[in-house]
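The points of interest are how they pair and how accessible they are.

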Amino acid sequence: MELKKSLKLELLGLFLLNAFVLSMAGKTIPSIDFVLKETKYTRLCSSKKILTVNGLFPGPTLYVRRGDRLIVNVHNQGNYNVTIHWHGVKQPRNPWSDGPNYVTQCPIKPGANFSYEIIFSTEEASWFKGDVMEIIQTALANGGEPNVSDAFTINGQPGDLYNCSKPGTFNVLVNYGKRYLLRVINSVMNEEMFFAIAQHNLTVVGMDGAYIKPIETDYIMITPGQTMDILLTANKSPSHYYMAGRAYAGAVYDNTTTTAIVKYIGNYTAPSMPSFPDNLPNFTDIDAVTNFTNRIRALASKDYPVEVPQKVDTRLYITISMGSIPCVNDSCDGPNGARLAASLNNMSFVEPAEDILLAYYRKIRGIYTTNFPSVPPDFFNFTSDDLPDNVYTPLKATKVKVLEFNSSVEIVFQGTNVLNGAENHPMHLHGNSFYHVGSGFGNFDNETDPKGYNLIDPPEINTVGVPTNGWAAIRFRADNPGVWFMHCHLERHASWGMDTAFIVKNGATRLTSIRQPPRHLNPC
């Protein structure tokens with residue numbers, strides 16, 4: 001059966017993003033320009049200016065090969081500070097172009113520019129995103145939850161089920177008997193997503209830029225920050241079929257459904273309405289989430305071996321929590337007039353005045369401390385409905401964790417029910433992929449749970465969903481020197497402080513040490 005073509009599908013919130021499609025062999029590509037500017041777009045019966053790349057929404061796709069080196073000159077013609085993060089690109093020895101503001105660079109101010117040097121290594125596909133401002137800034141100013149989105153989109157279009165949206169619905173044209181590669185990216189701000197195509201099975205063959213054992217399924221669940229490569233075989237009666245996406249319910253979520261249409265090419269009578277995927281899970285179907293994610297395994301072949309560390313040098317047990325910070329006169333929009341916060345091991349990350357990478361490289365003191373805790377400051381029944389009062393207020397600080405070069409690391413992320421805020425947390429690590437070796441519900445038991453780890457064919461990913469009121473364990477080798485951000489990929493949680501950073505020390509040689517900084521660095 002012929003593999004006909006590759007299609008890129010983006011489940012969008014308000015992120016500015018696009019995909020890379022990568023293959024083999026490498027060369028240096030001439031530099032390209034990204035002009036970030038406000039462009040008017042009409043959706044949901046109204047028009048609004050949004051920040052775009054070169055006037056496009058979604059923005060341009062960049063086709064590169066494994067091993068390529070790409071220079072992207074970013075010109076900020078927008079109205080606020082921006083950076084671009086190259087999600088899933090490991091950037092070996094080159095944290096200077098990773099992108100998170102105040103972690104590896106100062107932001108690109110309006111009217112300024114910055115040149116990113118993107119170095120592709122083992123990734124099969126990736127994407128990039130810029131920071132969203134208006135919704136998050138309003139929530140941060142008021143101290144409460146951000147507004148729920150008005151719609152989800154597929155490749156920038158909400159679809160038939162929203163007002164004023166039917167004419168622009170995204171269409172996928174297919175020939176009967178052909179096979180298509182769908183690259184699905186969840187770039188929604190705050191929701192995990194279910195996705196399905198009416199009457200069609202899907203074969204998931206890749207995740208986060210790495211191959212997995214093929215999974216035959218009639219739906220997927222994909223968290224913000226994750227990517228999946230999916231084979232679709234056009235083998236149904238020629239007609240029109242909806243592909244649809246809806247949220248897996250979090251603490252706050254958009255309960256609408258976005259659609260696109262798979263249209264078979266040929267002569268037939270089109271239906272008055274496409275078939276809808278009746279297998280698309282409901283918002284609260286936690287069993288559908290668990291059943292899908294538990295099937296994900298690495299390909300583990302001769303060409304794509306698994307190299308999960310069997311022994312561990314550094315162990316971290318990190319609680320993921322909501323919380324609140326008191327406000328003067330109880331004047332904020334959070335619980336009891338407080339300001340919502342989020343934390344890792346009760347540490348709510350504060351953006352420093354200077355970026356951490358430059359401070360580390362130039363030995364500038366007073367920007368951060370290296371005492372991020374390896375275990376929670378207090379142990380209690382993390383997933384209980386009745387929690388002690390002293391766990392609600394996190395410490396606001398800029399703490400990072402230092403790792404020795406080439407050390408093996410295990411992190412157990414422990415979900416908590418603080419402020420009744422238990423939900424699935426997609427934890428993302430920059431500069432590295434990691435192996436997802438285990439997960440479960442309830443509190444992690446360090447005596448019994450490691451006995452069930454998958455050390456044979458765990459998936460190699462860069463974003464892991466920590467189950468609601470549960471835990472997830474990952475392992476990786478810290479062989480990429482630099483400063484690397486780790487955060488929840490729910491944008492509201494990251495903005496509230498559910499973040500930290502790793503400093504991976506240099507190795508013994510030039511080729512195992514951080515590259516020198518670029519000539520031009522933007523001031524903070």
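The paragraphs that follow take the disulfides one at a time.

This is a predicted model, in which local features need pLDDT of at least 70 and side-chain atom pairs count only at pLDDT 80 or more, while totals for chains, interfaces and linings use all residues. Residues are numbered from 1 along each chain as its sequence is written, and side-chain values use heavy atoms, with hydrogens and water left out.

The structure contains three disulfides, a disulfide being a pair of cysteine sulfur atoms within 2.5 Å. Counting bonded cysteines along the chain, their pattern is 1-3, 2-6, 4-5.

C45 is bonded to C164, with 1.9 Å between the sulfur atoms. The torsion about this S-S bond is about 95°, so the link is right-handed. It connects distant parts of the chain, 119 residues apart: C45 lies in the loop between β3 (28-43) and β4 (46-53), and C164 in the loop between β10 (153-154) and β11 (171-174). Strands here are DSSP runs of E, at least two residues, numbered from the N terminus. C45 is partly exposed at 45% relative accessible area, whereas C164 is exposed at 55%. Buried means under 20% relative accessible area, exposed over 50%, and partly exposed in between (1.4 Å probe, protein chains only).

C106 pairs with C524, S to S 1.7 Å. This link is left-handed, with -80° about the S-S bond. It also joins distant parts, 418 residues apart, from the loop between β7 (84-87) and β8 (113-119) to the segment after β32 (499-504). C106 is buried at 3%; C524 is partly exposed at 31%.

C327 and C332 form a disulfide with S to S 2.1 Å. Its torsion is about -95°, so this disulfide is left-handed. Both C327 and C332 are buried.

How values were computed:
Helix = DSSP H or I, 4+ residues; strand = E, 2+ residues; numbered from the N terminus.
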